[in-house]
Every structure is written in C-alpha cells, then in structure tokens.
Amino acid sequence: MRVRERIANLIPLVFLMCLASILNGSLISQGENNFSYFKWGGEKFSIVFNSKAEVVEARIGQEVIPTSKVTPILLRELTDVFSSPNILPNNNFSKGLNHWYKKELAVYGFPVLVVNGGLDVLFQDLSQNYLGILFSETFDLPPYRQYVVSVLLSSDFGFMEEGLTPLLRIGLQWLDGDGEVIGEETTLVPEGVTSCTARFTNITRSPDEAVRARLTLLFEWRRKYKSCNLNNFKFHIEEIYFAPLPEEACWKPITGTLKKEGQCFVFEHEDESVRIVVYFENRDPLRVSGVIENLENRERAVEIAFSLPLKLEGWSWWDNPYEARVISEGNYFNVVNSLSVQGYLPISLYPVSYVSKDSMGLGYFVDLLNPKIFVLGYEEEIGLYAYFSIGLAGTSHKKSSFSVEVKGYSDSAWGFRQALEDYYNEHPEWFVSELNLVGRRVEWSGGKYGCMFQQASLQYLSAAKEMTYYDGKNVYIAQYVLPWEAGPPTYRDVKDPAPSYGEMIRILNENLQEEEKQFKMAEAFNTHAEVDCGAWVFSKYIKGPNYRPEEWVVKIPLNTDPDIRGGMWDYTLEVLSSAKENCGKTGVTMDGVELDNFMARSRCLTLTVPQKESEDNGLTYDPNTFRPALHFSFTAVEYLEELRKYLERESSDLGLTGNFISKGASIFGAIYLDAIPFEANPFRKFNWGKEELIYRRFVGGKKPLWISLTERKIEVKNPLHRELIQEYVDESLFYGMMPGFYAPFYEDKQFTQTFGQLLQRAFSIYKELFRANWEPVTLAKLKDRELLMERFGLPPGNIYFTVHNTGEERKVAEIEIDNSDLGITSLEEIWKNRSINFQISGDKISVKVEINPNETLIIKGEAKEGRVKPAGTVTQQPPKRPRLGKESETGLMKQILMVTLPVALAVLAVVFYVIVKAKHGKQT
C-alpha cells in the first residue's frame with residue numbers, strides 16, 4: 001500500500017481518537033449512560049472522584065498519595081451545641097461545694113466563696129495577691145474526643161480583663177485508666193463585658209488515652225497590676241457546662257452527586273435542612289467554590305469544609321516560611337488567632353497553607369476579595385482542610401458562599417515560599433502600590449533619616465495651619481481618621497478608680513450629644529458590638545494613654561458599614577470635607593488618608609443584623625452562643641472599598657495607609673492600602689518578633705513598609721538603649737522595613753547626634769531594598785536554623801540577601817546560593833562592611849561570613865543576566881466563574897450541549913469515515 005493511501009486510512013482513526021479524547025476530557029471512565037469517574041486536575045496534581053463525589057485516587061505528579069474514600073465536602077452543625085446533658089458534678093453549686101475541693105497556696109490569698117444561686121467569688125483586698133484553685137471531683141468521659149466547656153458569669157465591675165481585674169481560668173486535667181494525669185490545659189479564660197450574665201464558651205478535645213477528667217477553677221489576681229484602682233472585686237458563676245459535642249457538631253462527609261457542567265464538576269447535596277452546591281473548576285490553581293443554603297426556618301451556626309482526605313503522616317506542615325512541623329499520628333495542625341474580644345473565634349494567620357514531603361507539596365489559597373472567617377489546617381481524621389465558620393439566617397436571605405484554591409507541586413525545592421510566590425503571581429494587584437513615597441524629595445530635616453510623612457487632623461483649622469511648615473518641605477501629609485472605635489471623654493482621673501461598666505454607659509450617654517455636634521458619629525453607637533445579653537462590647541480599658549494621659553479611656557468597637565445613615569462613613573465624609581476646606585484656606589496639600597489602629601477593633605461582632613448586611617457579606621456566628629452574627633471585619637472591608645473609591649474620585653494621587661497593628665481578618669483589608677506603616681516596640685515586645693514581622697512582610701508584598709517606634713523614653717546615654725536601637729534598626733532592615741521614630745526625636749539634637757549617622761545609612765539601604773523588591777523565594781539556603789534569610793531583587797541588576805542571627809552567639813553563616821537563574825558575578829556585604837568569603841562554582845555560590853547575635857548583614861550581588869521572574873507582577877485575565885447557587889439558562893444550555901455535542905461529533909466522524917473510504921475505493 002502506498003504511503004498516501006496509508007495516511008488516508010489513518011485520518012479517520014486519528015479523528016476518532018481525537019473525538020475520544022474530547023469525550024473523555026477530564027472523565028477517565030464511564031458507565032452505562034452515566035459518567036462514573038471524574039478526574040479533577042492535571043499532570044502536577046489530580047484527584048479522581050466517583051459519581052458520589054468520593055475521592056478514589058490522589059496524585060502529585062506520578063506519586064499516589066494514600067487517601068480515604070469519602071466526599072471532600074464536610075459539614076458540622078453547631079446550632080444545638082448545648083443539647084447534650086451536662087456531665088460535670090454539681091455544675092451550678094446547688095449542693096454548695098459538694099464534689100469540689102479547694103487548694104490554697106501558702107503565699108497567696110484565697111478569695112471568699114459564697115454559694116448564692118451559684119458561686120460568688122469575692123476578692124476582698126486587691127492590695128494582696130490571690131491564687132487559689134478549686135477542683136471538681138473526677139468524672140467519667142463518654143467515648144467521645146471533643147467537648148464543649150461553657151460558663152455563665154457576671155461581675156460587679158461589669159468587665160473582666162487581665163491586668164485590670166481578677167480573672168477566672170477554667171482548665172481541664174485528663175486522666176488515664178489508672179487515674180494518672182496525662183494532660184492539662186487552660187480551656188477558657190472569660191474576658192470582656194460581664195455587666196449582665198454572659199456566656200463564655202470553648203470547644204476542646206481530649207487525648208486518645210483519657211477516660212476520666214477533672215475540671216479546675218483558678219482564681220488569680222496580682223497586686224502589681226493595680227490597674228483598676230479598685231479595693232475589692234466580685235464575680236458570680238451561675239453555671240459551668242461540660243458535655244460531649246452532639247453528633248451533628250462533629251465533622252461528617254456530605255453525600256451527594258457529581259456531574260460535569262462546562263469546565264466544572266458540580267457537586268449537589270440537598271436534604272430537609274440544607275442545600276449545598278459546590279463547583280470544582282479545572283484551572284491553575286484548581287478552584288473550589290460553593291453555596292450553602294438554610295432550608296429551615298431557624299437561625300443556625302455551621303462550619304463547612306473542603307477537605308482532601310489524604311494520609312499525610314510524615315509530611316511537614318508549614319507554620320510560616322521559616323518553621324515546619326512533622327505531621328504525626330493523632331495531632332492536628334493550624335496557625336490561628338482569635339477574631340473575638342469576647343470569646344474564641346479562630347481564623348488562620350495566613351491566607352495560604354502548605355504541606356510538603358521531599359520536593360512534593362500541596363498549597364491552599366483563600367480569596368481575599370471574599371471575606372470569610374476561615375481556618376486552614378490538617379487533621380488525621382478529616383485530612384487537609386479549609387473550613388469556613390458560617391451563620392445562616394432563619395428567614396429571607398439564608399445563603400452563604402465560600403471558596404478556596406488548591407495547587408499541587410511535584411518538584412518544588414522552596415516549600416511554603418513557593419506557594420507564597422504563586423499566590424503573589426495569581427493576585428498581583430493585592431500586593432503592589434503606585435504610591436511613590438520612597439522616591440519623594442523631602443526637604444525637612446527628618447527626611448534624611450527616613451521620616452517622610454506626617455499625619456494630622458486637618459479637619460481642625462489649627463492643625464492645618466501647623467502643617468503648612470511640613471507642606472513647604474514636601475512632607476507627605478495624611479489626614480488622620482480612626483473609624484473602628486470610639487473613646488469619648490470619661491472625665492475620670494487615673495488616680496481615681498476606673499469607671500464600672502454601668503458608670504461608663506452613663507458617661508457615654510451624657511456625652512453622645514456633644515460628639516454628635518462635632519461629627520456624625522452618634523448613630524454608629526446604635527450598631528455597636530454586643531454580647532448575647534444585649535450589652536455593648538468594650539474591647540479595652542486603658543489607663544492614661546499618651547493622647548489622654550490623665551484620664552481613664554474605654555475603647556468601644558464601632559460598625560463601619562457605609563450603609564448606616566449617620567454612621568462612621570458619614571463621619572468620615574464629614575472629616576474629609578472639613579479637611580479639604582481647611583487645606584483650601586491654608587494652602588496645604590493633603591496627600592492621603594491614614595487610618596489608625598487598622599481594623600484592630602474589628603475583632604468583634606453583633607447579633608443584631610440588618611437584612612442588607614446578611615446579603616452583602618454573609619454571616620458568621622457568635623462563638624459563645626452559636627447564634628448567627630455579623631462580624632465587624634466584613635463591614636470594615638466595605639468601608640475600605642468605599643474609601644478607596646472616594647479617594648480615586650478626588651485624585652489619582654491620593655494614598656491610603658493604615659497603622660497595621662492587628663492580625664487575622666485585617667488581611668482582607670490590607671489589599672486596599674498603598675503602604676503598610678505600623679507601630680511597634682522591641683523595648684516592650686509590642687508588635688515585635690519573628691512571627692509578627694514575617695507576617696507583615698508577607699502582607700506588605702511590594703508595598704512600602706514603615707515602622708514607627710512607640711517608645712517615648714529613649715535615653716541616648718544608656719548603653720542598653722543604644723544597643724536596643726541598633727538591634728531595632730538591624731532587624732527592621734532584615735525584613736526590608738524602614739525603622740522610624742516618634743517625629744520629635746528627629747529634631748532632638750542629642751538624639752540625631754547619637755543615632756543620625758546610623759539612621760541615614762539605614763534609610764539609604766532601605767531604599768535600595770525597596771526598589772529591588774522583596775521576593776518570597778530566597779534561592780539560597782542556610783545550614784544554621786538560628787540564622788534567617790530573605791532576598792530582594794532580580795537580574796539584571798542588584799540582588800540583596802539579608803541575613804539575621806536570632807541566636808545568642810557569634811556564628812559563621814554558611815550560605816549556598818542557587819545561581820542558575822540569577823547570574824550573580826560578584827558579592828559584597830554593604831551594611832556592616834564585613835569581609836566575606838565566596839566561591840562561584842558553576843550554578844552554585846558558597847558564602848561564608850561571621851555574624852554577631854541579633855545582627856543583620858546585607859549581602860549585595862551584581863547580576864548581569866538571569867532568568868528568574870519576579871513574584872507578584874504577572875497579570876492574567878481571570879476565568880469566568882459560574883454564578884454561585886443559581887440555576888441559569890446558560891447552565892441549562894451547557895447541559896444540553898453536553899448531551900448533544902458528543903452525538904453530533906460521532907455522527908460527523910462516521911460520515912467523514914464513509915466519505916474517505918468511498919473516495920479511497922474509487923481511486924483503487
């Protein structure tokens with residue numbers, strides 16, 4: 001047979017093979033009339049589901065990962081957490097102190113205990129220390145591992161806070177079959193408003209070997225606090241609740257069906273109480289998005305999870321870019337902080353999680369445009385998860401959405417950092433800024449030390465006049481706004497006792513009218529944070545802050561929802577309008593807006609939810625009562641969106657910055673900022689340390705990061721203070737942050753003579769690092785765990801490696817740089833002028849250099865050529881996503897096409913085959 005004839009015979013075969021490939025797509029096999037297996041993912045990472053949406057196979061590259069055959073969509077219902085019988089003996093003290101035992105410590109006092117419809121705990125003399133323990137008798141544990149601990153509590157002062165008032169610490173001792181204590185924990189520390197009987201709750205788990213338990217009540221007061229200036233203090237325990245979680249409050253895989261719809265697989269589940277629709281999108285990274293709908297006419301609290309049921313024992317869970325823990329049997333892994341000042345509502349610190357084994361890895365990414373209370377983690381029982389804490393309304397709008405992205409790594413040497421870089425590349429607009437703060441030519445004397453901006457309350461004409469001096473020196477001037485909280489005058493001297501909660505409410509009501517005369521703030525108090533008994537939340541009592549040093553101040557969290565008429569948005573517009581008017585009168589240029597305490601008072605919620613808010617943001621739940629609630633971080637993001645739009649309408653040059661002192665949900669707001677300034681104090685360990693700084697380094701991305709040292713008492717002749725300042729400057733530069741000080745220091749001759757040269761050099765180095773840009777992947781490794789490293793810069797040009805010694809001894813830093821994509825030709829240390837030894841051999845550079853404790857070195861390399869790409873500058877058109885929770889006409893058309901298109905293609909294939917064969921027969 002001639003070659004041409006053979007090719008002609010092969011054409012139909014090739015066509016049919018292509019057709020089979022099209023029909024197969026992501027489907028790897030099919031049953032009669034129904035596809036029965038679905039492959040989600042590609043060569044680097046893939047999951048195979050059956051038609052019930054159960055995971056039947058997981059692969060990273062060619063490596064098969066052990067997995068359980070369950071659905072990756074899990075649900076637990078927390079609405080009826082308190083339905084299980086209380087198993088704590090004499091839990092309401094109706095039998096006096098029977099079943100309870102006191103342990104008094106000789107050097108401490110023990111509060112007076114009085115049974116009075118519960119238990120009164122009286123601290124009669126706060127000039128002495130108290131530390132007493134009340135033990136319950138031991139009791140048998142049901143065959144469960146998760147338990148709820150709750151207390152009903154009130155106090156005569158109306159507020160409880162460590163350092164301000166005596167505290168109650170509720171703990172548990174876990175015992176084995178022999179009665180030996182095998183574990184102890186502090187489970188619950190009630191803090192916050194206790195003016196009425198408030199509930200405080202937490203969920204805990206027991207060790208696997210525990211068969212009995214004992215509950216402990218620790219009463220504590222340290223006279224050194226003396227913060228509240230009270231003579232005595234009393235709180236009342238009405239009841240303590242301890243019970244296993246009910247069955248519905250434990251994680252359960254949701255059954256359902258899986259079908260293909262366009263480029264998605266769609267999972268659907270519906271029963272008499274809930275409807276869940278989840279979309280599995282085939283893209284890079286893979287995306288899971290869904291909607292949960294309440295079908296009951298009651299309020300509910302649920303948690304829904306996407307959890308790959310992988311067996312990852314022996315893998316590593318990354319807490320942050322520096323620290324990983326080996327996953328072991330029976331343990332669980334996450335990194336969280338609480339988003340409630342009145343209880344424990346966890347949220348993951350990072351919107352990225354990562355697990356790895358050798359060069360394999362899996363990353364989860366959370367969408368920062370869709371604020372949710374989320375936790376990323378791993379547990380042996382349920383796998384690698386992302387769960388979302390959701391409140392569902394009982395009427396009207398009863399839905400909530402969630403989403404997470406998943407990416408697999410079959411050959412990654414850089415672990416969590418590689419995942420961070422990919423997150424930057426996927427969403428570059430969240431981590432870049434066009435604000436040219438660093439390149440600004442400032443003529444003020446503080447400018448040469450790095451102080452290039454001032455904040456001012458320009459709504460006052462006197463402040464605007466004061467700023468004319470700085471405006472003439474081209475200093476960046478930001479309008480000061482504090483929208484998240486209120487602290488109206490109390491007129492209570494710090495030498496007097498702090499006002500009780502009841503007194504404070506009276507003082508606030510008396511002064512609201514005065515506040516309303518100044519700005520439209522008063523209405524915001526009508527949408528305050530609240531506890532379950534309806535009381536207003538106070539997030540903090542402060543004794544003489546620096547701006548009101550002689551007065552007691554209370555911090556009241558406010559709802560910044562722009563939809564509230566007369567609320568904080570209207571207040572902000574009033575402030576900005578007055579500032580604009582005063583700038584016109586004085587000739588001052590307002591360069592931007594500075595938000596103080598950025599979202600720091602957004603760690604609270606309200607149980608009073610306007611209908612529009614449940615539609616705008618969705619809800620979470622109160623972690624003490626498990627009732628649906630609106631979290632203030634959600635409305636804070638709405639406020640930031642509106643403020644960003646307002647500034648862009650006014651001028652494209654106006655910047656938005658915020659004093660970034662909080663962690664958690666503030667990551668959702670940070671993407672609207674042009675720079676990340678924040679207050680810190682290594683003298684007092686405020687906002688300072690590796691965890692704090694690497695978190696802000698990640699949040700800042702390629703935006704300017706500026707630190708303002710809050711310490712006001714710097715003694716330039718004190719050797720310890722000089723050492724602390726040097727360490728502060730060193731550690732700031734290590735992370736690529738500008739170390740700053742309280743503005744008057746820059747005009748203090750003694751201060752500038754002592755530290756001026758250091759700060760000028762630091763500012764010069766900072767500008768080099770900032771212009772080079774931070775890159776998450778270091779492309780370099782250190783042999784010593786006490787040494788840390790970051791990289792700034794790309795080829796061609798200068799590349800910087802910052803090295804920091806966290807240890808207490810002088811070390812030799814041995815660094816190995818992967819030069820294959822950098823192309824570095826020379827190296828030098830530019831901060832300490834330290835001599836270094838380096839050797840370039842092929843694609844590797846070996847470096848040795850000595851480094852002192854708490855010291856930073858900055859190694860500068862010149863790279864003429866290189867192939868490595870920057871993180872966070874890749875732009876791409878996002879794929880169109882299905883409309884969540886809606887059955888659309890386009891969805892129906894897709895289903896019709898799914899059925900008809902394969903049939904049509906098959907008919908065309910047959911017709912084509914017949915034509916080709918007929919033609920070939922004629923020629924023969």
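## Close-up views of a predicted chain

**Figure 1. The surface of the whole chain.** The model is predicted. The chain has 924 residues, and 57% of them are buried.

**Figure 2. The fold of the chain.** Twelve helices and 57 strands make up the secondary structure. Take the contacts between residues at least 6 apart in sequence: 71% of them join residues at least 24 apart.

Figure 3. Glu381 sits in a loop. The relative accessible area of Glu381 is 68%. Glu381 therefore counts as exposed, since the cut-off for exposed is over 50%.

**Figure 4. The loop that holds Ala600.** This loop runs between strand E41 (592–595) and strand E42 (605–606). Is Ala600 buried or exposed? Ala600 is buried, because its relative accessible area is 11% and buried means under 20%.

**Figure 5. Ala600 and its contacts along the chain.** Leaving aside residues up to four places away in sequence, Ala600 touches Ile661 and Ser662. Lys663 is 63 residues from Ala600 in sequence. In space, the C-alpha atoms of Ala600 and Lys663 are 8.1 Å apart.

Definitions and conventions: Residues numbered from 1 in each chain as written. Predicted model: local features only at pLDDT ≥ 70, side-chain atom pairs only at ≥ 80, totals over all residues. Heavy atoms only, no water. Helix = DSSP H or I, 4+ residues; strand = E, 2+ residues; numbered from the N terminus. Buried < 20%, exposed > 50% of the residue type's maximum accessible area, 1.4 Å probe, protein only. Contact = heavy atoms within 4.5 Å.
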